[in-house]
Amino acid sequence: HTRFKCDWSSDVCSSDLDRYWAMLQVLGDYLGYSSDELHDLLKFKYLTYTKEIAGQQVTLTRSTTDLTTEEFIEYNNQVERFANQYGCKFNDMPVMQ
């Protein structure tokens, strides 16, 4: 897998981001949701964590822009497994490595 169009201020290349948003478009069309709705849903499902703030446990959601390349690839794998559970496949898309 060759990465191209990399923004070195971020650890994740735009080719990987393009694939992610294309996956959300395909999944959204399949399930009847917008890409933005799925982006929010999947971030909440896979990127939430709890943190104590002022003595209270608060649930926070990481931004995909804060993920390392390895974390982003794993997140994409989770998104793909989620889609597969509903019968949606991304057969024609390049695989992230």
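**Helix packing in a predicted model**

Just after α3, Gly87 adopts a positive phi of about 85°. This is a predicted model in which local features need pLDDT of at least 70 and side-chain atom pairs count only at pLDDT 80 or more, while totals for chains, interfaces and linings use all residues. Residues are numbered from 1 along each chain as its sequence is written, and side-chain values use heavy atoms, with hydrogens and water left out.

Me: Why is α2 called roughly perpendicular to α3?
Reply: Helix α2 (residues 35–46) and helix α3 (residues 69–85), both DSSP runs of H or I with at least four residues, pack at an angle of about 110° with axes 11 Å apart. Angles of 65 to 115 degrees count as roughly perpendicular, so α2 is roughly perpendicular to α3. The axes are lines fitted to C-alpha atoms over the stretch in contact, and angles run from 0 to 180 degrees between N-to-C directions.

Me: What makes α1 roughly perpendicular to α2?
Reply: The axes of α1 (residues 14–31) and α2 cross at roughly 105° and come within 8 Å, and that angle makes the pair roughly perpendicular.

Me: How do you know that the span of α3 agrees with its 17 residues?
Reply: The expected span is 1.5 Å times one less than the number of residues; for α3 this gives 24 Å, and the end C-alpha atoms are 24 Å apart, which agrees.

Me: What do the buried residues of α3 pack against?
Reply: Buried residues (under 20% relative accessible area, 1.4 Å probe, protein chains only) of α3 include Phe72, Ile73 and Phe82, and the buried residues of α3 pack against α1 and α2.

Notes: Helix = DSSP H or I, 4+ residues; strand = E, 2+ residues; numbered from the N terminus. Parallel < 35°, antiparallel > 145°, perpendicular 65-115°, else oblique. Buried < 20%, exposed > 50% of the residue type's maximum accessible area, 1.4 Å probe, protein only. Contact = heavy atoms within 4.5 Å.
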